[in-house]
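Reader: I'd like to go through this model with you. Can we start with the charged pairs?

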Amino acid sequence: MSEPILQVEHLGKYYTIRHDRKDPYSTLSGTLTESGRRLFRMLLHPIREGGRKTTTELFKALDDVSFEVNAGDRVGIIGRNGAGKSTLLKLLSRITEPDAGRITLRGRVASLLEVGTGFHPELTGRENIYLNGSILGMKRAEIRRKFDEIVDFSGVEKFLDTPVKRYSSGMYVRLAFAVAAHLEPEILLVDEVLAVGDMEFQKKCLGKMDEISKNEGRTILFVSHNMGAIAALCNRGLVLDQGILRTDSNVDNAIQEYEASFQDALSSCQTELGHLPRPRPETLRSNVVFERFTVPGKSAPVFATGETMHFKLGLNCRVPVPDILFHLVIRNEADHAPVTMMCTEKTLCLTQTGIHSFAFAADISRLVPGNYTLSLLLYTLTLSKEQQDEDLLFNMFHFKVEAAPGYNHGCEWRNTWWGNINLGPLEILEGDAHE
């Protein structure tokens, strides 16, 4: 069996953060007085830095991260802002050194981490192609042979002899990605910079990465907050959270785990409905089981535009649960992009064990025609922090929306990317009926 093209073993990157303990309400006269005192203390005790009141904190950008990547893998790295994704790519690109652990690379690496990396603003696009290609390891003859392909892919031929300082950020990315994509590296590292480009160019880049990975066997590590792009390109996912590798699995499981722990949109919905988010119980995942899901009156999972979805749910509670909230998430089936999210307005108290049945009404009247998936998120509010666990997520239902006669396009939920989600209430028609 061949060796992995990339090995990361117990990788750690740490930073020391200094905090000055200053009075936030100091006046001008107080500031001047304190400055005089500090100067006097510095003259008496220069080693003590003038008696500054500081504290330090060790920030672990990455902590004991280990994984392996085989040649040809397309790995999506996902996580919240500050999770350590960009730090990981900078370590793999050898821009910075790790404080712990080891990285083993068996191939040439090309990286696209920031807009205009390796470009000189005073040089033209043509000159920067040669400059950036040389920095990335291409020989002059290789750059000359691929020059026309790079220019054609970037789409900036009209401005090729213009200094890049006059380029927009999108044009920067177009040219930088075009050079990196034609480098023919064994490992390509791409950060969120593709988000700067327009939708057409993003699709073009994803297609190029997919082509060089599948057809040429190259390895790609791709950082993005766009779950649709991650799902379309990658076959494997790594989920980072506060510098720790939480999940290393296939891409669908990784996206599901990430979105299950992603509480920002849910918290917005809870705040709007008057709920305060609290930790969930450790026993929720093991003691509440989804038994059944049915859609009464439907022989096939097909709905018309303008229709309300009615469905029934069975829960098997092995222990009493003091309060339960339901969150429903509807996504595009093709790219996993969330379209709408709904939540119940009141908590339910399930005092008896056994199967409980619930009937729901979900307003999907403004979904545009297309294919969707429905997921249900279940959690409680009132138990202690020591009992917290991930939310209980159940992917249960694929359905289709077709245009009804006289369908009006004027008021609808667009099939959006992550970040522009419609929120609404999930109505419980009947529930807590012990069977």
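Author: Start with Arg236. Arg236 is buried, at 14% relative accessible area. Buried means under 20% relative accessible area, exposed over 50%, partly exposed in between, with a 1.4 Å probe and protein chains only. One caution: this is a predicted model, so local features need pLDDT of at least 70, side-chain atom pairs count only at pLDDT 80 or more, and totals for chains, interfaces and linings use all residues. Residues are numbered from 1 along each chain as its sequence is written, and side-chain values use heavy atoms, with hydrogens and water left out.

Reader: Which residue forms a salt bridge with Arg236?

Author: Asp73, with the closest N and O atoms 3.5 Å apart. A salt bridge here is a side-chain nitrogen of Lys or Arg within 4 Å of a carboxyl oxygen of Asp or Glu.

Reader: Is Asp73 buried or exposed?

Author: Buried, with a relative accessible area of 15%.

Reader: How many salt bridges by this rule?

Author: The count is 14. One of them lies within helix H6: Asp210 with Lys214, closest N and O atoms 3.4 Å apart. The two are four residues apart, about one turn of the helix. Lys214 is exposed, at 55%.

Reader: Which residues join into one network?

Author: Asp73, Arg236 and Asp248, through salt bridges that share partners.

Reader: New topic. How many residues has the largest nonpolar core?

Author: It has 46. A nonpolar core is a set of buried Ala, Val, Leu, Ile, Met, Phe, Trp, Tyr and Cys residues joined through side-chain atoms within 4.5 Å. Among those with the most contacts inside this one are Ile78, Phe177 and Ile230.

Reader: Which helix gives the most to this core?

Author: H5, with ten residues. Apart from this core lies another, of 33 residues, including Phe311 and Ile364.

Reader: And which residues form a nonpolar patch on the surface?

Author: Tyr15, Ile17 and Phe59, with about 250 Å² of accessible area together. Areas come from the Shrake-Rupley method with a 1.4 Å probe; for residues, only the protein chains shown count as cover. Patch residues have over 30% relative accessible area and no salt bridge; like charges are joined within 9 Å, nonpolar side chains (Val, Leu, Ile, Met, Phe, Trp, Tyr) within 5 Å. Ile17 counts as partly exposed, at 31%.
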